[in-house]
Structures are given as C-alpha cells and as structure tokens.
Amino acid sequence: MARDEKRRITDVGTLKALAHPLRMKLYRLLFVAEAATASHLAEQVDEAVSLVSYHLRKLAEHGLVEEAEPRSADGRERWWQPSSEGVSIRDEDFQDAPEKVAAHLAASRMFLEQRTEMYLRYLDERAHWGPGWSEAAHDSETLLRLTAEELAELKKDLHDLLTRYDEQGRAREAAGDTEGREHVALHVYGFPFRV
C-alpha cells in the first residue's frame, strides 16, 4: 500500500472527526492492520457493523481513511485503509481561536486516555506475555533540565530513531522474519513542568 507521508491536521472539523473515541480506535486498528473491513473491525471493538461502517465513512469524509483494494473474492466487502502514514496534530495550528483551543485540548485528553487504557491493559495481561516481553517492555520517567530548543532537538532525535526501527522491522517482516514479531506501542511525552 502506497500511502502519503504523515498528514498534518490543521482544521477543527478533521480534528473532531478523529477525536471521537470509537473513530480513534478504528483508525488505530486500521493503521495496525493496514487494511480491514467494517466486519473485521466491528469484531475487535465489539460494536455493530453498521455503526463501524458509519464511523469509517465519517473518517473518509475528512480524508483520514480511504477505500483499499479488496483482499478477498467477496465483492460485497468494502475494504478500508489509512490514507496516510499517520497524522500530526500540532498545538500551533489550534491557538488562533477559543473553539480551536478547546477542541485541541479535548482531543489531546482523549488520546491520552486511550493510550493510558492501552498501557493498563498491557499491565493486566503482562504475566501472559512471558519473560522475554516482560523484560523488554519498560516504563520510565526521566526528569531533565532543557530549553525549548533542546526539547525540540530531543523530539526530532527520538522521531528519527523510531522511524529507523519501524522501517527496519517492516523490512525484516517483509523478508519473512515474522517469528516473535508483535505490535509494540511506544508512548513518549516530553513537556515542561515547574516545582
């Protein structure tokens, strides 16, 4: 699947479309699967196929997902895929009006809640992953003294490192190295605070 680069979301309508809790889950699942039908996704989120189809169409209206090439012979199935390699939402794009600030804040909180939910689910299931995954998984907190410019540089370095690992993992998987390969979520937050 040839997708565009990350899509930068700059309008409130698209942000609100993505910031719906079920839509964000569907988007994340599609991103992981690369392509799926509403039926496949409905099973994973335990919702009616008609509801999932409705939300996929809403995401498509904002260009976040698109129809994909069918992956089965059943011509009645409608396949979906993300329309880009992810999304980028920047604070600077939502600061020029109170409604934009509020929408960005609500979306950011919802994204954090879903990420926290993912990690809590992992903690609950950690014993079932086995010692290799338990040792490899991590959480940490590092308290640094940086300027805004240094934090921006750190963000870029982390992004470059993650991109390298993602490309390397995808290439190895495409070459047939699938043994022990799992989806991995890495959540990193870098923000100022005062004591």
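Student: Is Q81 buried or exposed?
Tutor: This is a predicted model, in which local features need pLDDT of at least 70, side-chain atom pairs count only at pLDDT 80 or more, and totals for chains, interfaces and linings use all residues. Residues are numbered from 1 along each chain as its sequence is written, and side-chain values use heavy atoms, without hydrogens and water. Q81 belongs to strand β4 (strands are DSSP runs of E with at least two residues, helices runs of H or I with at least four, and both are numbered from the N terminus). Buried means under 20% relative accessible area, exposed over 50% and partly exposed in between (1.4 Å probe, protein chains only); because its relative accessible area is 10%, Q81 is buried.

Student: With which side chain does the side chain of Q81 make a polar contact?
Tutor: A polar contact is a pair of N or O atoms within 3.5 Å; within protein, one must be able to donate a hydrogen and the other to accept it, and residues adjacent in sequence count only if both atoms are side-chain atoms. At 2.8 Å, the partner of the Q81 side chain is the side chain of E66.

Student: In what order do the elements of the protein chain run from the N terminus on?
Tutor: The chain contains seven helices and five strands. Starting at the N terminus, their order is β-α-α-β-α-α-β-β-β-α-α-α.

Student: How are α2 and α4 placed relative to each other: roughly parallel or roughly perpendicular?
Tutor: Two packed helices are described by the angle between their axes and the distance between the axes. Here the axes of α2 and α4 are 10 Å apart at an angle of about 80 degrees, where axes are lines fitted to C-alpha atoms, for helices over the stretch in contact, and angles run from 0 to 180 degrees between N-to-C directions. Angles under 35 degrees count as roughly parallel, over 145 as roughly antiparallel, 65 to 115 as roughly perpendicular and the rest as oblique. The two helices α2 and α4 are therefore roughly perpendicular.

Student: How do the residues of the contact of α2 with α4 divide?
Tutor: Contact means heavy atoms within 4.5 Å. On this basis α2 contributes L22, R23, L26 and L30, and α4 contributes L51, V52, Y54, H55, L56, K58 and L59. Ala, Val, Leu, Ile, Met, Phe, Trp, Tyr, Cys and Pro count as nonpolar, Asp, Glu, Lys and Arg as charged, and the others, Gly among them, as polar. The division is eight nonpolar, one polar and two charged.

Student: Which residues does H55 touch, not counting those up to four places away in sequence?
Tutor: H55 is part of helix α4. Its relative accessible area is 5%, so H55 is buried. Beyond four places in sequence, the residues touched by H55 are H20, L22, R23 and L26.

Student: What is the phi of D46?
Tutor: D46 lies in the loop between α3 (38-45) and α4 (49-61). D46 is exposed, because its relative accessible area is 69%. Most residues other than glycine have a negative phi. D46 is not a glycine, yet its phi is positive, near 55 degrees.

Student: What is the phi of E34?
Tutor: E34 is placed in the loop between α2 (21-33) and β2 (36-37). Its relative accessibility is 30%, so E34 counts as partly exposed. Although E34 is not a glycine, its phi is positive, at about 75 degrees.
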